[in-house]
Amino acid sequence: MSAAEIATVIDRRYRKFMESLLIKGGVPLHGEVTVSGAKNAVLPIMAATLLTSEPCVIHRVPNLSDVKFMGQILTSLGARVAFAGGTLRIQARKIRGVGDYDLIRRMRGSVCIMGPLLGRLKQATVSLPGGCVIGARPINLHLKGFEALGAKITIACGYVRAAAKQLTGADLFLGGRAGSTVLGTANVMMAATLAEGVTVIESAACEPEVVDLACFLNAMGAQITGAGSPTIAITGVKELHGAEHEVIPDRIEAATYAIAAAATNGEITIKGARPDHLHAVMDKLNAAGVRVERRGADLMICRHGRLKSVDVTTLPYSGFPTDAQAQMMALMTLSPGISIITERIFESRFMHVSELARLGADIEIEGPSAIVKGGKPLSGAPVMASDLRASAALVIAGLAAKGTTQVNRVYHLDRGYENIDRKLRRLGARIERMEET
Ligand code: EPU
(Lines give C-alpha, C1' and ligand atoms only; values in the text may rest on other atoms or scores of the structure.)
Protein backbone atom coordinates (compact mmCIF):
# COMPACT_ATOMS: atom_id res chain seq x y z
CA MET A 1 0.00 0.00 0.00
CA SER A 2 1.36 3.42 -0.90
CA ALA A 3 1.63 6.24 1.65
CA ALA A 4 -1.29 8.02 -0.05
CA GLU A 5 -3.48 4.88 0.16
CA ILE A 6 -2.61 4.41 3.84
CA ALA A 7 -3.51 8.07 4.47
CA THR A 8 -6.89 7.54 2.73
CA VAL A 9 -7.67 4.45 4.86
CA ILE A 10 -6.73 6.28 8.08
CA ASP A 11 -8.78 9.30 7.03
CA ARG A 12 -11.82 7.08 6.26
CA ARG A 13 -11.51 5.28 9.62
CA TYR A 14 -11.17 8.59 11.46
CA ARG A 15 -14.24 10.02 9.72
CA LYS A 16 -16.23 6.88 10.63
CA PHE A 17 -14.98 7.22 14.21
CA MET A 18 -16.13 10.81 14.29
CA GLU A 19 -19.63 10.25 12.90
CA SER A 20 -22.64 11.11 15.01
CA LEU A 21 -26.41 10.95 14.74
CA LEU A 22 -28.49 14.09 14.99
CA ILE A 23 -32.03 13.33 16.16
CA LYS A 24 -34.90 15.79 16.32
CA GLY A 25 -37.16 14.05 18.81
CA GLY A 26 -40.87 13.97 19.44
CA VAL A 27 -42.03 12.28 16.23
CA PRO A 28 -44.07 9.05 16.71
CA LEU A 29 -42.68 6.21 14.58
CA HIS A 30 -45.06 4.84 11.94
CA GLY A 31 -44.78 2.27 9.17
CA GLU A 32 -42.88 -0.94 8.56
CA VAL A 33 -39.34 -2.03 9.31
CA THR A 34 -37.70 -5.30 8.27
CA VAL A 35 -35.39 -7.11 10.66
CA SER A 36 -31.88 -8.02 9.46
CA GLY A 37 -30.00 -11.24 10.18
CA ALA A 38 -28.77 -11.70 13.74
CA LYS A 39 -25.27 -10.42 14.46
CA ASN A 40 -24.78 -12.82 17.35
CA ALA A 41 -25.82 -15.77 15.20
CA VAL A 42 -23.75 -14.93 12.15
CA LEU A 43 -20.43 -14.38 13.98
CA PRO A 44 -20.11 -17.96 15.35
CA ILE A 45 -21.53 -19.34 12.09
CA MET A 46 -18.76 -17.55 10.20
CA ALA A 47 -16.23 -19.06 12.63
CA ALA A 48 -17.77 -22.53 12.06
CA THR A 49 -16.83 -22.39 8.37
CA LEU A 50 -13.24 -22.96 9.56
CA LEU A 51 -14.25 -26.53 10.37
CA THR A 52 -14.26 -27.55 6.70
CA SER A 53 -12.09 -27.02 3.64
CA GLU A 54 -15.23 -26.93 1.46
CA PRO A 55 -17.13 -23.76 0.47
CA CYS A 56 -19.94 -22.48 2.70
CA VAL A 57 -22.69 -20.04 1.75
CA ILE A 58 -24.50 -17.95 4.38
CA HIS A 59 -27.58 -15.89 3.56
CA ARG A 60 -29.34 -13.01 5.34
CA VAL A 61 -26.03 -11.67 6.58
CA PRO A 62 -26.31 -8.16 8.00
CA ASN A 63 -23.91 -5.55 6.66
CA LEU A 64 -22.26 -4.66 9.96
CA SER A 65 -18.77 -3.65 10.96
CA ASP A 66 -18.51 -6.70 13.27
CA VAL A 67 -19.29 -8.99 10.32
CA LYS A 68 -16.65 -7.26 8.17
CA PHE A 69 -14.24 -7.58 11.03
CA MET A 70 -14.88 -11.30 11.47
CA GLY A 71 -14.35 -11.62 7.69
CA GLN A 72 -10.93 -9.99 8.10
CA ILE A 73 -10.05 -12.42 10.89
CA LEU A 74 -11.02 -15.43 8.76
CA THR A 75 -9.01 -14.00 5.85
CA SER A 76 -5.98 -13.56 8.10
CA LEU A 77 -6.28 -17.27 9.01
CA GLY A 78 -6.17 -18.20 5.30
CA ALA A 79 -9.88 -18.36 4.34
CA ARG A 80 -11.36 -16.74 1.22
CA VAL A 81 -14.28 -14.51 2.13
CA ALA A 82 -16.66 -12.74 -0.28
CA PHE A 83 -19.70 -10.71 0.74
CA ALA A 84 -22.34 -9.45 -1.70
CA GLY A 85 -26.06 -8.74 -1.48
CA GLY A 86 -26.44 -10.14 2.04
CA THR A 87 -24.69 -13.42 1.14
CA LEU A 88 -21.32 -14.51 2.46
CA ARG A 89 -19.23 -17.11 0.65
CA ILE A 90 -16.40 -18.51 2.71
CA GLN A 91 -13.89 -21.21 1.91
CA ALA A 92 -11.22 -22.14 4.43
CA ARG A 93 -9.29 -24.57 2.21
CA LYS A 94 -6.04 -24.28 4.16
CA ILE A 95 -5.85 -22.46 7.45
CA ARG A 96 -3.36 -21.71 10.18
CA GLY A 97 -4.07 -22.09 13.87
CA VAL A 98 -2.66 -18.81 15.13
CA GLY A 99 -4.88 -15.73 15.01
CA ASP A 100 -3.48 -12.24 14.48
CA TYR A 101 -3.00 -10.73 17.94
CA ASP A 102 -4.34 -7.23 17.26
CA LEU A 103 -7.22 -8.26 15.01
CA ILE A 104 -8.66 -10.71 17.55
CA ARG A 105 -8.08 -8.40 20.50
CA ARG A 106 -10.26 -5.75 18.86
CA MET A 107 -13.50 -7.78 18.82
CA ARG A 108 -14.44 -9.91 21.81
CA GLY A 109 -16.81 -12.09 19.79
CA SER A 110 -13.84 -13.32 17.74
CA VAL A 111 -12.94 -15.70 20.60
CA CYS A 112 -15.34 -18.15 18.93
CA ILE A 113 -12.71 -19.01 16.29
CA MET A 114 -10.95 -21.04 18.99
CA GLY A 115 -13.37 -23.99 18.98
CA PRO A 116 -13.28 -24.53 15.19
CA LEU A 117 -9.48 -24.14 15.02
CA LEU A 118 -9.06 -26.64 17.84
CA GLY A 119 -11.57 -29.03 16.22
CA ARG A 120 -9.96 -28.98 12.80
CA LEU A 121 -6.24 -28.44 13.53
CA LYS A 122 -6.18 -29.71 17.14
CA GLN A 123 -4.55 -26.45 18.11
CA ALA A 124 -5.64 -22.82 18.43
CA THR A 125 -3.71 -19.78 19.55
CA VAL A 126 -5.45 -16.43 19.93
CA SER A 127 -4.87 -13.24 21.88
CA LEU A 128 -6.52 -13.49 25.28
CA PRO A 129 -9.65 -11.32 25.10
CA GLY A 130 -9.70 -8.72 27.84
CA GLY A 131 -12.72 -7.19 29.56
CA CYS A 132 -14.79 -4.50 27.93
CA VAL A 133 -17.01 -1.65 29.12
CA ILE A 134 -19.84 -4.02 30.07
CA GLY A 135 -17.79 -6.29 32.35
CA ALA A 136 -14.74 -8.49 32.93
CA ARG A 137 -15.86 -11.11 30.39
CA PRO A 138 -13.59 -14.05 31.27
CA ILE A 139 -13.27 -17.15 29.05
CA ASN A 140 -12.58 -19.66 31.85
CA LEU A 141 -15.65 -21.72 30.89
CA HIS A 142 -14.58 -21.97 27.22
CA LEU A 143 -11.19 -23.22 28.39
CA LYS A 144 -12.75 -25.62 30.91
CA GLY A 145 -14.73 -27.15 28.04
CA PHE A 146 -11.65 -27.50 25.80
CA GLU A 147 -9.75 -29.12 28.66
CA ALA A 148 -12.56 -31.61 29.21
CA LEU A 149 -12.15 -32.61 25.53
CA GLY A 150 -8.47 -33.31 26.21
CA ALA A 151 -6.81 -30.02 25.23
CA LYS A 152 -3.92 -28.59 27.20
CA ILE A 153 -4.29 -24.86 27.83
CA THR A 154 -1.34 -22.49 28.14
CA ILE A 155 -1.38 -18.74 28.57
CA ALA A 156 1.76 -16.75 27.75
CA CYS A 157 2.67 -13.31 26.39
CA GLY A 158 -0.98 -12.28 26.01
CA TYR A 159 -1.90 -15.38 24.00
CA VAL A 160 -4.02 -18.35 25.02
CA ARG A 161 -3.25 -21.66 23.36
CA ALA A 162 -5.32 -24.84 23.35
CA ALA A 163 -3.72 -27.94 21.87
CA ALA A 164 -4.42 -31.68 21.87
CA LYS A 165 -3.08 -34.77 20.09
CA GLN A 166 -6.68 -35.88 19.82
CA LEU A 167 -10.00 -34.52 21.11
CA THR A 168 -12.15 -37.02 22.97
CA GLY A 169 -15.85 -36.58 23.78
CA ALA A 170 -16.68 -35.94 27.44
CA ASP A 171 -19.53 -35.02 29.79
CA LEU A 172 -19.05 -31.48 30.97
CA PHE A 173 -20.84 -28.77 32.93
CA LEU A 174 -20.57 -25.25 31.48
CA GLY A 175 -22.54 -23.26 34.07
CA GLY A 176 -20.82 -20.24 35.59
CA ARG A 177 -21.54 -17.50 38.11
CA ALA A 178 -24.05 -15.84 35.78
CA GLY A 179 -25.54 -19.05 34.41
CA SER A 180 -24.74 -20.39 30.98
CA THR A 181 -22.31 -18.92 28.46
CA VAL A 182 -23.40 -18.29 24.87
CA LEU A 183 -20.05 -18.19 23.07
CA GLY A 184 -18.59 -20.75 25.50
CA THR A 185 -21.33 -23.21 24.48
CA ALA A 186 -20.75 -22.33 20.81
CA ASN A 187 -16.98 -22.84 21.12
CA VAL A 188 -17.13 -26.20 22.88
CA MET A 189 -19.92 -27.42 20.60
CA MET A 190 -17.83 -26.57 17.52
CA ALA A 191 -14.67 -28.24 18.83
CA ALA A 192 -16.67 -31.35 19.84
CA THR A 193 -18.09 -31.88 16.31
CA LEU A 194 -14.72 -33.34 15.27
CA ALA A 195 -13.86 -35.07 18.57
CA GLU A 196 -13.78 -38.82 18.95
CA GLY A 197 -16.97 -40.06 20.65
CA VAL A 198 -19.86 -38.29 22.36
CA THR A 199 -19.74 -34.96 24.20
CA VAL A 200 -22.59 -33.89 26.47
CA ILE A 201 -22.69 -30.23 27.53
CA GLU A 202 -24.79 -29.61 30.66
CA SER A 203 -25.99 -26.11 31.54
CA ALA A 204 -25.55 -25.19 27.89
CA ALA A 205 -26.82 -21.80 26.72
CA CYS A 206 -30.33 -22.06 25.24
CA GLU A 207 -30.18 -18.85 23.17
CA PRO A 208 -31.66 -19.02 19.63
CA GLU A 209 -28.21 -18.07 18.30
CA VAL A 210 -26.82 -21.36 19.70
CA VAL A 211 -29.66 -23.25 18.01
CA ASP A 212 -28.94 -21.49 14.70
CA LEU A 213 -25.26 -22.46 14.97
CA ALA A 214 -26.22 -26.09 15.70
CA CYS A 215 -28.48 -26.08 12.60
CA PHE A 216 -25.59 -24.83 10.47
CA LEU A 217 -23.19 -27.41 11.95
CA ASN A 218 -25.71 -30.20 11.35
CA ALA A 219 -26.07 -29.01 7.73
CA MET A 220 -22.25 -29.41 7.55
CA GLY A 221 -22.61 -33.04 8.65
CA ALA A 222 -22.28 -32.66 12.44
CA GLN A 223 -24.45 -34.75 14.76
CA ILE A 224 -25.85 -32.41 17.39
CA THR A 225 -29.06 -32.91 19.37
CA GLY A 226 -30.65 -30.92 22.16
CA ALA A 227 -29.60 -27.41 21.05
CA GLY A 228 -32.04 -24.95 22.62
CA SER A 229 -32.16 -27.00 25.84
CA PRO A 230 -29.62 -27.02 28.71
CA THR A 231 -28.29 -30.42 27.58
CA ILE A 232 -26.60 -30.63 24.19
CA ALA A 233 -25.17 -33.90 22.87
CA ILE A 234 -22.58 -33.94 20.10
CA THR A 235 -21.46 -37.16 18.47
CA GLY A 236 -18.10 -36.50 16.86
CA VAL A 237 -17.67 -37.18 13.13
CA LYS A 238 -14.52 -37.65 11.03
CA GLU A 239 -15.01 -34.53 8.92
CA LEU A 240 -17.51 -31.82 8.02
CA HIS A 241 -18.46 -30.58 4.56
CA GLY A 242 -19.62 -27.30 3.03
CA ALA A 243 -23.19 -26.11 3.67
CA GLU A 244 -25.68 -23.35 2.86
CA HIS A 245 -27.63 -21.60 5.60
CA GLU A 246 -29.92 -18.64 6.26
CA VAL A 247 -29.27 -16.75 9.49
CA ILE A 248 -32.17 -16.17 11.93
CA PRO A 249 -33.60 -12.63 12.26
CA ASP A 250 -32.01 -10.44 14.92
CA ARG A 251 -34.25 -10.59 18.00
CA ILE A 252 -32.41 -7.71 19.67
CA GLU A 253 -32.81 -5.49 16.63
CA ALA A 254 -36.55 -6.34 16.60
CA ALA A 255 -36.79 -5.58 20.33
CA THR A 256 -35.00 -2.25 19.81
CA TYR A 257 -37.47 -1.09 17.13
CA ALA A 258 -40.42 -2.30 19.23
CA ILE A 259 -39.19 -0.28 22.22
CA ALA A 260 -38.50 2.76 20.01
CA ALA A 261 -42.09 2.63 18.71
CA ALA A 262 -43.41 2.42 22.28
CA ALA A 263 -41.17 5.29 23.42
CA THR A 264 -42.40 7.62 20.66
CA ASN A 265 -46.07 6.66 21.07
CA GLY A 266 -45.95 5.26 17.56
CA GLU A 267 -47.43 2.33 15.69
CA ILE A 268 -45.18 0.10 13.62
CA THR A 269 -45.03 -3.33 12.01
CA ILE A 270 -41.80 -5.25 12.41
CA LYS A 271 -41.48 -7.56 9.41
CA GLY A 272 -39.68 -10.88 9.35
CA ALA A 273 -39.02 -11.10 13.08
CA ARG A 274 -39.24 -14.33 15.07
CA PRO A 275 -41.88 -13.52 17.72
CA ASP A 276 -41.17 -16.92 19.30
CA HIS A 277 -37.68 -15.58 20.20
CA LEU A 278 -39.15 -12.49 21.83
CA HIS A 279 -41.52 -13.77 24.54
CA ALA A 280 -39.82 -12.04 27.48
CA VAL A 281 -39.59 -8.69 25.66
CA MET A 282 -43.20 -8.86 24.43
CA ASP A 283 -44.38 -9.75 27.93
CA LYS A 284 -42.64 -6.73 29.50
CA LEU A 285 -43.87 -4.40 26.75
CA ASN A 286 -47.43 -5.65 27.33
CA ALA A 287 -47.08 -5.07 31.06
CA ALA A 288 -45.79 -1.57 30.29
CA GLY A 289 -48.99 -0.70 28.41
CA VAL A 290 -47.80 -1.43 24.88
CA ARG A 291 -49.97 -3.49 22.56
CA VAL A 292 -47.93 -6.23 20.88
CA GLU A 293 -49.69 -8.36 18.28
CA ARG A 294 -48.18 -11.33 16.49
CA ARG A 295 -49.13 -11.93 12.86
CA GLY A 296 -47.05 -14.85 11.61
CA ALA A 297 -43.48 -13.64 11.41
CA ASP A 298 -44.55 -10.01 11.91
CA LEU A 299 -45.09 -8.00 15.06
CA MET A 300 -47.46 -5.05 15.38
CA ILE A 301 -46.49 -2.61 18.09
CA CYS A 302 -48.55 0.30 19.36
CA ARG A 303 -48.96 2.14 22.63
CA HIS A 304 -52.34 2.09 24.21
CA GLY A 305 -52.64 4.78 26.80
CA ARG A 306 -49.99 5.87 29.27
CA LEU A 307 -46.87 3.84 29.86
CA LYS A 308 -46.72 1.84 33.07
CA SER A 309 -43.55 1.21 35.05
CA VAL A 310 -42.35 -2.39 35.09
CA ASP A 311 -39.45 -4.07 36.85
CA VAL A 312 -37.05 -5.98 34.62
CA THR A 313 -34.35 -8.52 35.49
CA THR A 314 -32.00 -9.74 32.80
CA LEU A 315 -31.45 -13.50 32.61
CA PRO A 316 -30.15 -16.09 30.19
CA TYR A 317 -32.68 -17.07 27.48
CA SER A 318 -35.69 -17.36 27.72
CA GLY A 319 -35.46 -14.58 30.30
CA PHE A 320 -35.26 -10.90 29.45
CA PRO A 321 -32.11 -10.38 27.34
CA THR A 322 -29.27 -8.27 28.71
CA ASP A 323 -28.85 -6.93 25.16
CA ALA A 324 -32.25 -5.17 25.44
CA GLN A 325 -31.78 -3.89 29.00
CA ALA A 326 -30.46 -0.43 28.10
CA GLN A 327 -33.25 0.13 25.55
CA MET A 328 -35.91 -0.91 28.11
CA MET A 329 -34.39 1.47 30.63
CA ALA A 330 -34.73 4.31 28.11
CA LEU A 331 -38.43 3.43 27.81
CA MET A 332 -38.90 3.33 31.58
CA THR A 333 -37.53 6.88 31.93
CA LEU A 334 -40.73 7.95 30.13
CA SER A 335 -43.14 6.09 32.36
CA PRO A 336 -44.50 7.88 35.44
CA GLY A 337 -43.50 5.80 38.47
CA ILE A 338 -40.56 3.73 39.63
CA SER A 339 -39.04 0.87 37.70
CA ILE A 340 -36.25 -1.35 39.00
CA ILE A 341 -33.99 -2.75 36.33
CA THR A 342 -31.64 -5.48 37.52
CA GLU A 343 -28.69 -6.64 35.45
CA ARG A 344 -27.76 -10.26 36.24
CA ILE A 345 -25.50 -11.10 33.29
CA PHE A 346 -22.83 -8.40 33.11
CA GLU A 347 -21.54 -6.55 36.15
CA SER A 348 -21.12 -3.07 34.69
CA ARG A 349 -23.69 -2.77 31.95
CA PHE A 350 -25.05 0.59 33.12
CA MET A 351 -22.83 2.93 31.11
CA HIS A 352 -25.95 4.44 29.52
CA VAL A 353 -27.24 5.69 32.88
CA SER A 354 -25.04 8.80 33.08
CA GLU A 355 -25.73 9.65 29.43
CA LEU A 356 -29.52 9.21 29.86
CA ALA A 357 -29.19 11.63 32.80
CA ARG A 358 -27.94 14.30 30.38
CA LEU A 359 -31.36 14.11 28.71
CA GLY A 360 -33.05 14.61 32.08
CA ALA A 361 -33.58 11.00 33.21
CA ASP A 362 -33.59 10.34 36.96
CA ILE A 363 -31.82 7.02 37.56
CA GLU A 364 -29.90 5.77 40.59
CA ILE A 365 -27.67 2.71 40.60
CA GLU A 366 -27.84 0.41 43.65
CA GLY A 367 -25.58 -2.61 43.18
CA PRO A 368 -26.85 -4.65 40.23
CA SER A 369 -30.04 -2.58 39.98
CA ALA A 370 -30.93 0.74 38.46
CA ILE A 371 -33.85 2.57 40.03
CA VAL A 372 -35.57 4.58 37.34
CA LYS A 373 -37.84 7.37 38.52
CA GLY A 374 -39.66 7.87 35.27
CA GLY A 375 -42.04 10.39 33.82
CA LYS A 376 -39.86 13.51 33.83
CA PRO A 377 -39.78 15.01 30.34
CA LEU A 378 -36.57 14.31 28.42
CA SER A 379 -34.89 17.10 26.49
CA GLY A 380 -32.28 16.71 23.76
CA ALA A 381 -28.55 16.99 24.52
CA PRO A 382 -25.20 15.86 23.11
CA VAL A 383 -24.44 12.37 24.45
CA MET A 384 -21.63 9.88 24.04
CA ALA A 385 -22.22 6.23 23.12
CA SER A 386 -20.11 3.80 25.17
CA ASP A 387 -21.12 0.46 23.63
CA LEU A 388 -23.56 -1.00 21.17
CA ARG A 389 -26.71 -1.38 23.27
CA ALA A 390 -26.07 1.78 25.32
CA SER A 391 -26.00 3.63 21.98
CA ALA A 392 -29.35 2.11 20.99
CA ALA A 393 -30.82 3.30 24.31
CA LEU A 394 -29.57 6.84 23.65
CA VAL A 395 -31.12 6.81 20.17
CA ILE A 396 -34.47 5.71 21.66
CA ALA A 397 -34.31 8.40 24.33
CA GLY A 398 -33.36 10.97 21.68
CA LEU A 399 -36.33 9.95 19.51
CA ALA A 400 -38.66 10.54 22.48
CA ALA A 401 -36.98 13.70 23.83
CA LYS A 402 -37.99 17.27 23.07
CA GLY A 403 -35.42 19.07 20.92
CA THR A 404 -32.22 17.82 19.36
CA THR A 405 -30.03 14.99 20.60
CA GLN A 406 -26.60 14.37 19.16
CA VAL A 407 -25.40 10.79 19.71
CA ASN A 408 -21.63 10.72 19.25
CA ARG A 409 -19.42 7.71 18.44
CA VAL A 410 -21.95 6.08 16.12
CA TYR A 411 -19.44 3.39 15.14
CA HIS A 412 -20.72 1.44 18.16
CA LEU A 413 -24.18 1.27 16.55
CA ASP A 414 -22.75 0.26 13.19
CA ARG A 415 -21.30 -2.83 14.88
CA GLY A 416 -24.77 -4.28 15.45
CA TYR A 417 -27.56 -2.36 13.69
CA GLU A 418 -27.73 -2.47 9.90
CA ASN A 419 -28.63 0.95 8.45
CA ILE A 420 -30.21 2.11 11.70
CA ASP A 421 -30.53 5.75 10.61
CA ARG A 422 -32.04 4.78 7.24
CA LYS A 423 -34.52 2.34 8.84
CA LEU A 424 -35.60 4.93 11.42
CA ARG A 425 -35.96 7.64 8.75
CA ARG A 426 -38.32 5.33 6.84
CA LEU A 427 -40.39 5.11 10.03
CA GLY A 428 -40.66 8.90 10.01
CA ALA A 429 -37.89 9.75 12.47
CA ARG A 430 -35.96 12.95 11.91
CA ILE A 431 -32.48 11.51 12.14
CA GLU A 432 -29.35 12.40 10.19
CA ARG A 433 -25.81 11.05 10.20
CA MET A 434 -23.13 13.70 10.27
CA GLU A 435 -19.49 14.15 11.10
CA GLU A 436 -18.91 15.15 14.71
CA THR A 437 -18.13 18.80 15.17
N1 EPU B 1 -18.74 -15.89 31.70
C2 EPU B 1 -17.84 -16.45 32.58
N3 EPU B 1 -16.88 -17.27 32.05
C4 EPU B 1 -16.82 -17.54 30.73
C5 EPU B 1 -17.76 -16.97 29.85
C6 EPU B 1 -18.72 -16.14 30.37
O7 EPU B 1 -17.87 -16.22 33.77
O8 EPU B 1 -15.93 -18.31 30.33
C9 EPU B 1 -19.78 -15.00 32.25
C10 EPU B 1 -19.71 -13.60 31.65
O11 EPU B 1 -18.77 -12.80 32.31
C12 EPU B 1 -21.13 -13.13 31.83
C13 EPU B 1 -21.94 -14.39 31.59
O14 EPU B 1 -21.04 -15.48 31.82
O15 EPU B 1 -21.30 -12.71 33.15
C16 EPU B 1 -22.57 -14.56 30.24
O17 EPU B 1 -21.62 -14.27 29.23
P18 EPU B 1 -21.66 -15.04 27.83
O19 EPU B 1 -20.46 -15.90 27.73
O20 EPU B 1 -22.97 -15.69 27.64
O21 EPU B 1 -21.48 -13.82 26.83
P22 EPU B 1 -20.80 -13.91 25.41
O23 EPU B 1 -21.06 -15.24 24.84
O24 EPU B 1 -19.40 -13.45 25.49
C25 EPU B 1 -22.83 -13.17 23.93
C26 EPU B 1 -23.15 -12.02 23.04
C27 EPU B 1 -23.39 -10.77 23.87
C28 EPU B 1 -24.54 -11.05 24.86
C29 EPU B 1 -24.18 -12.27 25.72
C30 EPU B 1 -25.29 -12.68 26.67
C31 EPU B 1 -21.99 -12.48 20.96
C32 EPU B 1 -20.94 -12.10 20.00
N33 EPU B 1 -22.07 -11.78 22.09
O34 EPU B 1 -21.61 -12.81 24.61
O35 EPU B 1 -23.82 -9.77 22.97
O36 EPU B 1 -24.73 -9.94 25.69
O37 EPU B 1 -23.88 -13.39 24.86
O38 EPU B 1 -26.45 -12.94 25.97
O39 EPU B 1 -22.76 -13.39 20.72
C40 EPU B 1 -24.23 -7.55 22.23
O41 EPU B 1 -24.68 -8.04 21.17
O42 EPU B 1 -24.35 -6.34 22.52
C43 EPU B 1 -23.52 -8.43 23.17
C44 EPU B 1 -22.72 -7.98 24.13
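1. Asn187 is a residue of helix H7. This is a predicted model. With 0% relative accessibility, Asn187 is classed as buried. Setting aside neighbours within four places in sequence, Asn187 contacts Val111, Cys112, Ile113, Met114, Gly115 and Pro116, and also His142 and Phe146.

2. Helix H7 spans residues 182-192 and is one of the elements giving two or more residues to the ligand shell. The others with that contribution are helix H2 (39-48), helix H6 (140-148) and helix H13 (388-400). Which element supplies the largest share of the shell? H6 does, with three residues.

3. The ligand is surrounded by 23 residues. Asn140, Leu141, Thr181, Asp323 and Ile345 are the closest. By class, the shell holds 10 nonpolar residues, six polar ones and seven charged ones.

4. A polar side-chain atom of Lys39 sits 3.1 Å from a ligand oxygen atom. For Asp323, a polar side-chain atom is 2.6 Å from an oxygen atom of the ligand. Ile345 takes part through its backbone: a polar backbone atom there is 2.5 Å from a ligand oxygen. On its own the ligand has 820 Å² of accessible area, and the protein covers 93% of this.

5. Is helix H11 enclosed or open? Eight of its eight residues, 325-332, are buried, so the rest of the structure largely encloses this helix. The buried residues are Gln325, Ala326, Gln327, Met328, Met329, Ala330, Leu331 and Met332.

6. Ala124 belongs to strand E6, residues 123-127. Ala124 counts as buried because its relative accessibility is 0%. Not counting residues up to four places away in sequence, Ala124 touches Gly97, Met114, Leu117 and Leu118, plus Val160, Arg161 and Ala162. Ala124 and Ala164 are 40 residues apart in sequence, and their C-alpha atoms are 9.6 Å apart.

7. Strand E12, residues 231-235, has two faces. Ile232 and Ile234 form the covered face. Thr231, Ala233 and Thr235 form the uncovered one. As background, side chains in a regular strand alternate between the two faces of the sheet.

8. What does E12 pair with? Strand E10 (residues 198-202) runs antiparallel to E12, joined by five bridges. Glu202 stands opposite Thr231 there. Strand E11 (residues 223-225) is also antiparallel to E12, with three bridges. In that pair, Thr225 has Ala233 as its bridge partner.

9. E11 and E12 make a hairpin with five residues between the strands. Gly226 in this hairpin takes a positive phi near 90 degrees.

10. A further hairpin is built from E15 and E16, with two residues between them. Strand E15 covers residues 290-295 and strand E16 residues 298-303. They run antiparallel and six bridges join them. Arg291 has Cys302 in E16 as its bridge partner. In the turn, Gly296 has a positive phi of about 60 degrees.

Definitions and conventions
Residues are numbered from 1 along each chain as its sequence is written. This is a predicted model: local features need pLDDT of at least 70, side-chain atom pairs count only at pLDDT 80 or more; totals for chains, interfaces and linings use all residues. Side-chain values use heavy atoms; hydrogens and water are left out. A residue is near a molecule or strand if one of its heavy atoms lies within 4 Å of it. A polar contact is a pair of N or O atoms within 3.5 Å; within protein, one must be able to donate a hydrogen and the other to accept it, and residues adjacent in sequence count only if both atoms are side-chain atoms. Accessible areas come from the Shrake-Rupley method with a 1.4 Å probe; for residues, only the protein chains shown count as cover. Helices (H or I, at least four residues) and strands (E, at least two) are DSSP runs, numbered from the N terminus. Ala, Val, Leu, Ile, Met, Phe, Trp, Tyr, Cys and Pro count as nonpolar, Asp, Glu, Lys and Arg as charged, and the others, Gly among them, as polar. Buried means under 20% relative accessible area, exposed over 50%, partly exposed in between (1.4 Å probe, protein chains only). Contact means heavy atoms within 4.5 Å. Two strands pair if DSSP finds at least two bridges between them.
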